[in-house]
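Dear colleague,

My notes on its chain interfaces follow.

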Amino acid sequence: MEANHKIRVENLSLRVNGHEILKDINVSIPENKITVILGPSGCGKTTLMKSMNRLTDIYPEMHVRGRILIDEEDILNTHKDVTAIRKKMGLLSQRPYPLPMSIYNNIAFGLRISGRKKRDLLDKRVEHYLKQASLWEEVKGRLREPASSLSIGQQQRLCLARGLAVDPEIILADEPTSALDPISSQEIEKKFLDLKQDYTIVLVTHILRQAARLADHVIFMYLGEVIEQAPAEEFFHHPRTEITRAYLKGSIN
Amino acid sequence: MRRYLSKEYTFRRKIQVYEELFFRLIMLLASLLIALVLLQIVWSIFREGVGSVSWEMLTNTPKGGFYFGKEGGILNAIIGSLYLGLGATLLAFVTGLPVALFMNTWLAPRKRLVNLVRFTLDLLWGIPSIVYGAFGFALMIALGIKASLLAGIIVLALLILPIMIRAIDEGLKASPPGLTEATYALGATTSELSFSVLTRQCLPHILTAILLSFGRAIGDAASVLFTTGFTDNIPTSLGQPTASLPLAIFFQLSSPIPEVKERAYAAAVILTVIILIISILSRIFTNKYSRNTIKF
Amino acid sequence: MSLWLILMLAMPVLIGGGLLWKSWSLLHDHALGELLLSTRWRPLSGEFGFAPFILSSLWVTLVSLLIAGPVCVLSAIHLTQYAPRIVLKVMQPVTDILAGIPSVIYGVWGIVAIVPLVSRNLAPLMGAETTGYSILSGAIVLAVMIIPFVLNILIEIFRSIPIELQEASLSLGASRWYTIKYVTLRKALPGIVSALGLGLSRAFGETIAVLMVVGNVTIIPRGVFQPGYPLPALIANNYGEMLSIPMYDSALMFGALILFVIVMVFNLAARLTIIRYEKVSQ
């Protein structure tokens, strides 16, 4: 019954100036499922997610120890090119951050990095991914306009399309709907349910209802520690720890 | 096809890695260059001038024949510069502090106006000191004032006023809004808030603003060129002309006589030391007096 | 208080108006085009062509920007993107002190260090001959003077770029350098241009330091090893005879007016760009 594990985190700790932000994390993330990392703000969920594609590298004050295995390959202790690791994962952040260029080039940016430069191929790909993010119909007439001219909900879908365009296997999403209106949020959520056929999705959120709507698997974190991890069904109906029960009842937030 | 792409990809990655290394190297060199230039400046000023600094030159005014290399010192310029610097800083402070407070308390709700004031101050800061000097000169003629210590103080005060206000303003702007609310909640009036709470909260900024302005005032030459005249005596009233260190250096350096030039170099050492002391002091103030500042 | 505030808001207009008023008698007698474009500067016979001074000013400032610009941009990227915090902490006092050194000290440094460097090392290298008192010396001294100013603005600009933008680019598989080149720099471009614009206007008005090393010969410079006579130097050098030659005072005030107008235009454009840029980037 248990699916393959796409990502496994083993004994991961992370310190910032002597403070332990993540304490001995051990989690497994199943393939082609939506795994929700849940917890009150400041519990380290975003940091855990960022360490999965080594964005922690750009903060010199962060010191990471432990192992993160993706497809059974340790990505922390390796001399392998970090950009190749990151390309396996698309990132969707809290607010959309379109790159300072046109709508078209936002998608083409990642494709060009991978060496795809032929014009007609790029055109086709851009169209394909914009369609996948259900944005094509809205923007097909103005691909050359700056991405900042889109509404915030459209920008977030653009960022999703941009992430998909590098052909990742995993999508990392950090509270991707927190800056969006309810309708745009719904569109993103719907997209996630479609995408899990082909992608392993890791979603960070502090919204219980969103977690309940989307999750196949839940990792619950509190103050830098993993308190509980379980399939969604089990987590929401038969929580094993006192803290989880308190959180689900809404007394921690 | 796929193989071909990935081969090209690794090749391009390799080029990029070397490109990054190359740029990191020249970026490092750029930063290093800036630091080294500072050392070079201080070193060459000291090398030229330190030998000629003497007690005699610090404590005497120019004697007869000074400008032909005979006896005397630059006390007139040192004292003149201190008078000018202190006077201008004082004038700019007493007129500038209320403006900065006014902008951040009474005027604060009118955001557009405050931003317009900030914008104007930034523009004023960008006007070269020689223009202030020329403007001051035009003003003096219009008002019938002679070149004097007072005229110099006024022009310098105008020159440093934008720096003074903006530096204090930055501090006030950064003070937490919660502090203002809490003070009002205690029943304080706006002036009580301004003068007792905010000035204390921003003390480090205010001290830095004063030092910054003083440093600028004491070192500026172009604006006092027109307005203070130059004299060998120490001024005894605001209406008299005065010497200053920058002008003393400037004038004496254009002399063909080596002894006079040496004194210019020595005066440069003294001015540099004053500026270095100011820099160090302002660093200490920002670090030490931030104790009373509430951080959020 | 309000009155004082209004006075301050009116200050730029007052300064401009005051200079215009004092240069009125010159403007009354001579056509503006002639004043700006003529190269004949003979105050005794009433000819006032400002072109040599304006061109000298342009030469000195543009060359200084050519030196300071790349150094500042490279160093700003280094300090904000690569260097450990401690390096930034060390560089802060360095730029503070550089910014605080008075103009006249830079002039002294120029005379003892840069002028000999230009005449003995740089000029022979390029096959030129010069006393060292030249456009190039003025430009080098100026470049060092505007470096702390431009660098500080650039650091602010690079810092204001959200780190999430970099994260987005990195997570697409772009390398650090590729991200800086195509995302960070592109985002910062309007800011960089205005920072350089502010540096340019600061350099344009700088007086004493340039005056001490640039040679002050009324010619139209044809290369960096020739002497020049920038506008601020003209004003500063001649204030003494100002009242003894007819129209001369008016001419110098007109010089100050030109300076004022150019600096104001650059400042306005650069500051407005920065304000717009900040609005967009938040």
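Contact here means heavy atoms within 4.5 Å. Please bear in mind that this is a predicted model.

On that definition, the contact between chain C and chain A takes 20 residues from chain C and 22 residues from chain A. About 2000 Å² is buried between these two chains, with carbon and sulfur atoms giving 70% of that area. On the chain C side, the greatest losses of area to chain A fall on C:E167, C:S171 and C:L172, which together make up 33% of what that side buries.

Two residue pairs are in polar contact between chain C and chain A. Helices α8 (163-171) and α9 (176-205) of chain C each supply at least two residues of the side that touches chain A, and α8(C) gives the largest share, eight residues. By class, that side has 10 nonpolar, four polar and six charged residues.

Turning to chain B and chain C, 71 residues of chain B are in contact with 72 residues of chain C. The buried area is about 6400 Å², and carbon and sulfur atoms give 81% of it. B:M27, B:I34 and B:F135 lose the most area in chain B to chain C, together 10% of what that side buries.

Three salt bridges are found across this interface, including one between C:D96 and B:R283, whose closest N and O atoms are 2.9 Å apart. There are 12 residue pairs in polar contact. Helix α1 (residues 2-49) of chain B provides the largest share of the side that touches chain C, 22 residues. That side of chain B divides into 52 nonpolar, 10 polar and nine charged residues.

With kind regards

Note on methods
Residues numbered from 1 in each chain as written. Chains lettered and ligands numbered in written order. Predicted model: local features only at pLDDT ≥ 70, side-chain atom pairs only at ≥ 80, totals over all residues. Heavy atoms only, no water. Buried area = accessible area lost by both parts, 1.4 Å probe. Polar contact = N/O pair within 3.5 Å; in protein donor to acceptor, adjacent residues only side chain to side chain. Helix = DSSP H or I, 4+ residues; strand = E, 2+ residues; numbered from the N terminus. Nonpolar A, V, L, I, M, F, W, Y, C, P; charged D, E, K, R; others polar. Salt bridge = Lys/Arg side-chain N within 4 Å of Asp/Glu carboxyl O.
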